[in-house]
Every structure is written in C-alpha cells, then in structure tokens.
Amino acid sequence: MIRQFELVERVKSYEPDADEDAINRAYVFATKYHGSQKRASGDPYFSHPVEVAGILTDLKLDHNSIITALLHDVVEDTEATLETVEKAFGSHISRLVDGVTKLTRLELQSEESKYAENFRKLVLAMSDDIRVLLVKLADRLHNMQTLHFIKKEDKRRRIARETMDIYAPLAERIGMHRFKDQLEDLAFAQLNPEARDSIVKRLEFLRGEDSDNLAKKIIDQLNKIVCENGVEGEVSGRLKAPYSIWRKMQRKAVTFEQLSDIMAFRLIVPDLGSCYQALGILHANFPVVPGRFKDYISTPKPNGYKSIHTSIIGPERHKIEVQIRTAEMHQVAEMGVAAHWTYKQGGEHMEGRQYRWLRELLDILEHASNPEEFLEHTKMEMFQDQAFCFTPKGALLSLPRGATPIDFAYAVHTEVGNTCVGAKVNGRMVPFRSILQNGDQVEILTSKNQKPSPDWEKFVVSGKAKACIRRYIRLQERDQYSTLGHQMVIKVFRQEGYEFTEKGVEGVLGKFHMDHIEDLYVSVGQGHHSAREVLVAVYPGAREVPKPSTTTTTKKKTKNAKDNALPIKGLIPGMAVHYARCCHPLPGDRIVGIVTTGKGVTIHTIDCDNLVNYQDTPERWIDVAWDSTEFDGQHTGRLKLIVANEPGCLGGLSTVIGKNQGNISNLKILNRSIDFFEMMVDVEVSDVKHLSNITAALRAMSVVNSVERARN
C-alpha cells in the first residue's frame with residue numbers, strides 16, 4: 001500500500017503547487033472513517049482508496065482528483081455524510097465525491113434497476129466534471145485487479161460483465177486505451193478463462209527466442225529505412241491484448257494462426273509532416289495490403305485519437321500493421337483525456353459536455369422512460385463500431401455501424417429526426433432503411449408536418465434514435481388513449497341518457513384509485529376499465545349492457561350511427577386504434593370496435609367472421625364510425641384473384657392497379673397450376689369505393705378469371 005508521504009511526493013512531482021495539507025487530511029480522513037473495515041482479500045479497506053489514488057497519480061491528475069479518490073467510498077461505506085465531506089474539504093470536493101458515490105440507499109425493484117440508476121447518476125455527474133469518470137475508472141480497475149479474492153463466482157462474473165459492458169467502452173470513449181485494455185483483459189479472465197488461457201499460452205510461445213529475434217529484425221529494418229530517408233523516428237513493437245485478439249478471431253471467424261496482426265508496430269515521429277513523410281517511405285519500400293489503410297489524423301476518432309494505420313508486407317515478408325503518430329498523439333492515444341488535463345493550463349474544472357458522445361448519452365437519458373431503458377440504449381451506443389459521415393456543410397458525425405439516415409438525422413438534432421421526411425446520400429434520394437457507409441455525405445429533408453413513425457424503431461441502430469422514437473410513441477400513445485377513453489365515456493353517457501360532466505367523473509376518481517381524470521381516460525382507452533364502469537360509478541342506477549350479436553349490432557348501427565357511434569378520425573392507427581388484419585376494414589365499410597386490454601380498440605368490419613369469438617363479452621363491444629365522408633390517408637384492402645397463367649399477366653395486373661391510383665404493398669401466390677394462379681394482393685387505397693373501382697377494372701381484364709375482396 002502506498003504510504004502517505006509517498007502519495008504526496010508523487011503529486012508534488014508533477015504539480016508543485018498542489019495542496020499538500022488537503023491531501024494529508026484526506027488520507028487521514030479515509031483511514032479514520034474506514035477504520036477496521038476489511039476487504040475480501042483481508043487487507044484494510046482504506047488500502048483500496050489509497051491504491052485508486054495511486055493509479056490516478058500515474059495519470060498525473062490534479063490534487064482534487066487525488067483527494068476525491070481517497071474519499072470516494074467514505075459516504076457509501078462508512079458513517080461519513082456528504083455534509084461531513086463538504087465541511088472538511090469544501091463544496092467542490094463534495095460534488096466530485098457525490099458523483100462517484102453509488103446510490104446504495106436507493107430502494108429499487110431489482111439489482112438491475114439499482115445498477116442502471118447508479119450508471120444514470122454517473123453519466124449526469126461526469127457531464128458536469130469528467131474527473132468523476134476518471135476516478136470511477138481507477139476505482140473499477142483496482143476492484144478488477146482484486147476481483148479474484150471474491151469467493152462467489154456469480155458475483156465475480158456479474159462485476160466482470162458490468163466492466164465489459166460499460167466501463168471498458170467508457171474508457172475507450174475518452175481515449176484511455178491503456179485502461180480499456182486492462183479492464184477488458186481482467187474481465188475476460190473471469191468471463192471466459194479457458195479462451196484467455198489458450199491465447200496467453202500461444203502469445204507466450206510467440207515471445208520465445210525466435211519470435212524475439214524476428215520482431216527485433218523487423219524493428220531494426222524499419223528504423224534503418226526510415227532514418228536513411230531523412231525522417232527521425234523510433235519504431236517499437238508490442239503484442240496485442242488477449243481480449244483484442246479473441247474478439248478479432250470471433251468477428252472474422254478465423255483461427256489464431258490465421259491472424260496476421262497479432263503484433264503491432266508503432267513509429268513515433270517528431271511532427272505532423274513527418275507522419276505523412278514516413279507513410280510515403282514505407283509505401284515506397286514495401287507492398288501495401290489493400291483495404292487496410294486508415295488516416296485518423298485527418299479524421300480523428302470521436303475520443304480525440306489521432307494516428308495513421310497501414311498494413312504492409314514488411315521485412316522478412318511478414319504482413320504487419322504499422323501505426324504512425326507523433327509523441328503527443330501517442331500520449332493522447334494511451335491516456336486520452338488525462339493526457340491534456342486542464343490543470344496544466346491553470347484550470348480547475350473540465351466539463352464532460354464538451355464530448356459529443358457524452359452529450360449524446362445525456363440526450364438518451366432525457367428521452368428514456370426509466371433507468372433500464374437508458375442502460376440498454378447506452379450499451380447499444382457504446383458497443384457499436386463507428387461509421388463517419390458528413391453533413392452538407394462538411395461537419396463530421398460518428399454513427400454506429402449499420403446506421404441509417406434516420407440515425408443521422410437524430411445525431412444532428414432531435415427535432416431534425418422528428419421531422420425527417422427524406423434523405424439524400426451523396427446527392428441521391430435513398431430509402432430510410434439504407435445503410436450509411438464511411439465517408440457518405442448525408443442531407444436530411446424535413447417538414448413541420450412530419451412526425452416520427454413507429455416503424456422507424458425497427459431499423460434504427462443508435463441509442464439516441466431509439467430513445468427519441470420510443471419517447472414520442474409513448475407520449476402519443478398516452479394522448480391517443482386519453483382521447484379515445486374520453487370519447488368512449490361521453491358516448492356511453494349519451495347512449496344511456498345520462499348527463500356527462502367532467503366534475504361528475506372527477507368525483508369518482510377515488511373509486512378507481514386515481515388522482516387525475518386523464519389517467520382514468522387513458523385506462524378506459526387501454527381497456528383496463530370500461531366506459532360503463534365509469535357510468536355506473538357516477539350513476540349507480542345505470543342498467544347493465546345487453547349482449548350484442550352481429551345482427552343486432554348491424555341494425556343498431558344502421559338506425560342511429562351518427563348519434564351513437566364513436567368517431568375514430570384523428571386517432572393514429574397502431575396506437576390507440578388498430579385495424580383488424582382478418583377483415584382489413586376500409587373507410588366506407590360498416591365497422592364495430594372490440595376493446596382489447598392494453599391495446600385499445602381493434603376495428604372490424606360488421607360482417608367479419610371473427611366477431612363470433614366475442615359474443616360472450618358484450619362489455620368489449622363499442623359502436624364506432626368513420627368521422628368524415630372525405631377520408632384521409634392510405635388503408636390496406638385485400639383482394640383474392642384467380643388469373644390465367646400467361647406471360648405478362650402480373651405486369652398487366654400491376655399496371656391496372658397503378659393506373660387506378662392504387663399501390664401494391666404485398667403479393668402472395670396461394671396456389672398455382674398449369675392454367676391458373678390463385679393469389680392474394682394487398683392494395684393501398686383511400687376507401688372502400690376506391691377498392692371497388694380497382695376491383696371492377698381488374699374484372700375487365702381478359703386474364704382475370706375472378707376477383708373478390710378477401711375477408712381473412
């Protein structure tokens with residue numbers, strides 16, 4: 001364990017003006033409050049915060065970070081409070097300690113919820129000051145280094161999985177590759193020890209005498225060629241981390257022996273111009289491996305990483321990867337944000353919001369409905385490989401691999417995503433499902449009248465896009481259910497001859513254990529409560545509803561449709577209202593609604609055969625009607641055809657449907673014979689009259705034997 005004076009000397013070695021007294025007091029404070037507590041290893045507990053502080057001194061972090069490391073567990077694991085910390089060390093240190101402290105006293109439903117809530121808090125804290133994350137990463141690194149002392153295997157695996165899913169990607173996002181490699185390797189040892197042991201043994205074999213000689217020969221020849229051509233540089237080589245090798249083996253589905261870049265060679269040069277000069281020298285002297293060149297200097301990674309990567313058939317005819325960078329670039333590559341810490345410029349504070357990836361996590365947090373959803377989207381956001389695309393003005397955006405124009409739109413701004421109506425990639429209009437590639441220039445077309453489609457969630461891949469779409473759907477669904485429930489309640493009051501008043505309904509909210517009238521309307525719209533239950537609660541003398549039949553319902557609708565029917569215009573299909581796929585109702589059809597718990601109302605045609613299934617549940621039936629003679633939007637009508645098996649018959653069918661302003665959305669061949677095809681065709685139409693016109697046009701074709709509207 002690092003002794004008190006040693007810790008102070010380490011900090012003073014790189015920060016001469018550090019507050020020595022505060023560091024000493026923090027050391028004593030942690031020792032006092034942790035007292036006789038022991039870790040799983042049997043060591044005194046205060047050895048842990050001291051070792052965490054020692055890890056941060058290797059990064060040359062400021063004295064406030066070191067003090068925070070010493071105190072980071074006192075609020076969580078001792079009787080000390082944040083008020084105690086603030087009184088002893090001030091509000092600045094108190095805020096940093098609070099950011100790192102877990103919410104151990106928060107009562108949540110599950111361990112997963114607790115972990116998700118802790119991570120949510122960490123993101124908020126590090127957005128205010130990135131040092132919170134640095135302390136947390138050092139804390140996690142030391143915990144992983146001592147993880148083997150924990151006896152319970154399931155606990156070790158859970159902690160290792162958290163490390164692999166969250167903390168290693170976070171370390172990578174702030175450019176701390178050294179931390180990332182250590183965290184991944186320690187977690188890999190717990191999650192897949194057999195695979196790691198196998199790779200380690202093979203690496204040890206490569207470190208044998210022959211391999212050392214080979215690596216030395218390659219380094220010497222590269223140094224000689226670079227120096228002879230006028231560039232001062234130093235080449236070094238290292239074996240890649242076991243987890244990095246294993247992941248590449250899984251991703252490329254290759255064996256260890258098939259990997260060509262197990263060892264990476266690094267060329268450090270004095271300045272930026274020398275990077276490209278050295279690249280030219282290597283390419284002039286050795287064959288280049290196609291498709292393996294990456295310039296992260298002209299296009300840095302989001303975490304600030306800069307380097308040139310190239311693969312060549314190098315000395316001794318071995319395929320090798322060479323990374324070319326300056327000393328400053330190398331420091332940033334290894335230590336990330338810690339390499340250019342602001343205290344060196346006299347600063348006290350470094351906001352995390354300057355990092356785009358962290359701003360994106362905050363956007364996800366804003367749109368997520370609960371901590372678990374936030375954690376799910378965050379893993380998705382951080383675990384994906386990146387694709388780099390440009391806006392029309394040349395701004396660079398990094399997106400997950402497999403991203404679509406909708407992901408790009410939300411990466412620009414939430415409002416741009418919500419109002420996206422089209423996209424141009426490299427000047428050409430493309431479908432929303434198109435996969436963006438590195439270097440694509442993307443232009444998003446927007447309209448104030450556009451709203452996010454629930455279908456978008458099926459193909460977007462970025463966490464922010466999914467969170468924004470889900471949030472919009474969630475808000476819209478509640479509004480739709482509220483509108484539907486309100487209409488259902490008014491309708492049943494009017495139908496039974498009772499006066500409807502908001503005041504009367506508010507007076508019975510207690511019977512439904514609700515505080516707001518909108519909550520009751522939402523519950524009715526979702527089918528958890530019926531409109532008649534509300535009526536009976538307000539007017540206990542209201543009569544029971546009779547059992548309907550398809551015949552009586554038909555007569556009832558015909559007789560008094562306009563007065564009693566519930567209008568459904570304005571309700572978005574797929575939210576509070578769903579159109580039955582068994583009968584495909586169209587505007588102009590006589591319809592009836594069936595309330596399904598949790599789903600709202602499903603609309604059927606009045607002659608749908610499936611209505612027989614609901615004869616014994618009269619409380620689920622409601623009268624509904626199209627609200628206008630002028631119908632908006634597109635609806636799907638289904639036709640069943642028998643056509644002659646002749647060349648060009650399908651082309652003729654699609655031509656006739658297109659000329660009549662219809663659009664084929666699906667086509668399925670049910671049966672085929674030598675002479676005829678029997679098929680099902682889904683056509684997008686405006687109403688039942690539109691479908692009838694298309695049906696008549698199809699019947700006039702010589703190749704059509706029969707056509708009728710399908711009811712299932």
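**Note on the predicted model**

1. At 10% relative accessibility, phenylalanine 29 counts as buried, because the limit for that class is under 20%. The structure discussed here is a predicted model.

2. The aromatic residues deserve a point of their own. The structure holds ten aromatic pairs. One of them joins phenylalanine 29 to tyrosine 33, with 4.5 Å from centre to centre and 35° between the planes, and this pair is tilted.

3. A further pair involves two tyrosines. Tyrosine 296, with a relative accessible area of 12%, is buried, and tyrosine 305, at 6% relative accessibility, counts as buried too. As for the geometry of their rings, the centres are 5.9 Å apart and the planes stand at 70°, so the pair is edge-to-face. The reasoning rests on the angle, because planes over 60 degrees apart count as edge-to-face.

4. Rings also come together in a group. Phe493, Tyr498, Phe500 and Tyr539 are linked into a cluster by ring pairs. A ring can also have a charge over it, as tyrosine 45 shows: the charged end of arginine 39 sits over the ring of tyrosine 45, 5.9 Å from the centre of that ring.

5. Strand β2 (residues 263-269) may be considered next. Of its seven residues, five are buried, so β2 is largely enclosed by the rest of the structure. Strand β1 (residues 234-239) is joined to β2 by six bridges, and these two strands run antiparallel. Within this pairing, leucine 239 stands opposite methionine 263 in β2.

6. Strand β2 has another partner in strand β5 (residues 319-326). The pairing of β2 with β5 is in the parallel sense and extends over six bridges. Here phenylalanine 265 stands opposite valine 322, a residue of β5. The sense of pairing should be kept in mind when the strands are viewed: β1 runs antiparallel to β2, whereas β5 is parallel to β2.

7. In which helix does serine 94 lie? The residue belongs to helix α7 (residues 91-100). Serine 94 has a relative accessibility of 7% and so counts as buried. When neighbours within four places in sequence are left aside, serine 94 is in contact with Leu82, Val85 and Glu86.

8. Histidine 513 is placed in the loop between α22 (502-506) and α23 (517-526), while histidine 584 is found in the loop between β12 (577-579) and β13 (591-596).

9. Histidine 584, by contrast, has a relative accessible area of 10% and is buried.

Definitions and conventions:
Residues numbered from 1 in each chain as written. Predicted model: local features only at pLDDT ≥ 70, side-chain atom pairs only at ≥ 80, totals over all residues. Heavy atoms only, no water. Buried < 20%, exposed > 50% of the residue type's maximum accessible area, 1.4 Å probe, protein only. Helix = DSSP H or I, 4+ residues; strand = E, 2+ residues; numbered from the N terminus. Pairing = 2+ DSSP bridges. Contact = heavy atoms within 4.5 Å. Phe/Tyr/Trp six-rings, centres within 6.5 Å; stacked < 30°, edge-to-face > 60°. Lys NZ or Arg CZ within 6 Å of the ring centre and 35° of its normal.
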